[in-house]
Amino acid sequence: MRKRSKAREYALQALYQADIRHADAKSVLEQFWNEQDVVAEVSAFANSLVTGTLANISVIDETIRR
């Protein structure tokens, strides 16, 4: 699997964990990366996807509600 595709998969998994646990992204990501064996490029892109998503969560939720 390509690096960016793998990063997207990891980001989705981390977001799911954060949602299910009702936890903050930082703690979820720290634990998540401790359990994965990935290259820095993949984790950096996944982190940016997760933080970007969470930074815009109210807009995303409103869009889904409509």
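**Entry 1. Criterion and count.** I take a salt bridge to be a side-chain nitrogen of Lys or Arg within 4 Å of a carboxyl oxygen of Asp or Glu. The model I examined is predicted. By this criterion I find that the structure holds four salt bridges.

**Entry 2. A pair between helices.** I looked up glutamate 41 and found a salt bridge to lysine 3, with the closest N and O atoms 3.1 Å apart. This pair links distant parts of the chain, since glutamate 41 belongs to helix H3 and lysine 3 to helix H1, 38 residues apart. I then checked the accessibility of both partners. Glutamate 41 is exposed because its relative accessible area is 52%, and the cut-off for exposed is over 50%. Lysine 3, at 44%, counts as partly exposed.

**Entry 3. A pair within helix H1.** I noted that lysine 6 forms a salt bridge with glutamate 9, the closest N and O atoms being 3.3 Å apart. Both residues lie in helix H1, with a spacing of three residues, about one turn of the helix. Lysine 6 is partly exposed at 25% relative accessibility, and glutamate 9 is partly exposed at 28%.

**Entry 4. A network.** I found the side chains of glutamate 62 and arginine 66 joined by a salt bridge of 3.8 Å, N to O. Salt bridges link Glu62, Arg65 and Arg66 in a network. For accessibility I recorded 35% for glutamate 62, which is therefore partly exposed. Arginine 66 has a relative accessible area of 72% and is exposed.

**Entry 5. Glutamate 30.** I located glutamate 30 in helix H2. Its relative accessibility is 46%, so glutamate 30 counts as partly exposed.

**Entry 6. The nonpolar core.** I turned to the largest nonpolar core, which has 14 residues; Tyr10, Ala14, Trp33, Ala46 and Val50 touch the most other members. Helix H1 (3-21), helix H2 (25-34) and helix H3 (40-55) are the elements that give two or more residues to this core.

**Entry 7. Tryptophan 33.** Which residues are in contact with tryptophan 33, leaving aside its neighbours within four places in sequence? I listed Tyr10, Val38, Ser43, Ala46 and Asn47. Among these, Tyr10 and Ala46 are named with Trp33 among the core residues that touch the most other members.

How values were computed: Residues numbered from 1 in each chain as written. Predicted model: local features only at pLDDT ≥ 70, side-chain atom pairs only at ≥ 80, totals over all residues. Heavy atoms only, no water. Core = buried A, V, L, I, M, F, W, Y, C linked by side-chain atoms within 4.5 Å. Buried < 20%, exposed > 50% of the residue type's maximum accessible area, 1.4 Å probe, protein only. Helix = DSSP H or I, 4+ residues; strand = E, 2+ residues; numbered from the N terminus. Contact = heavy atoms within 4.5 Å.
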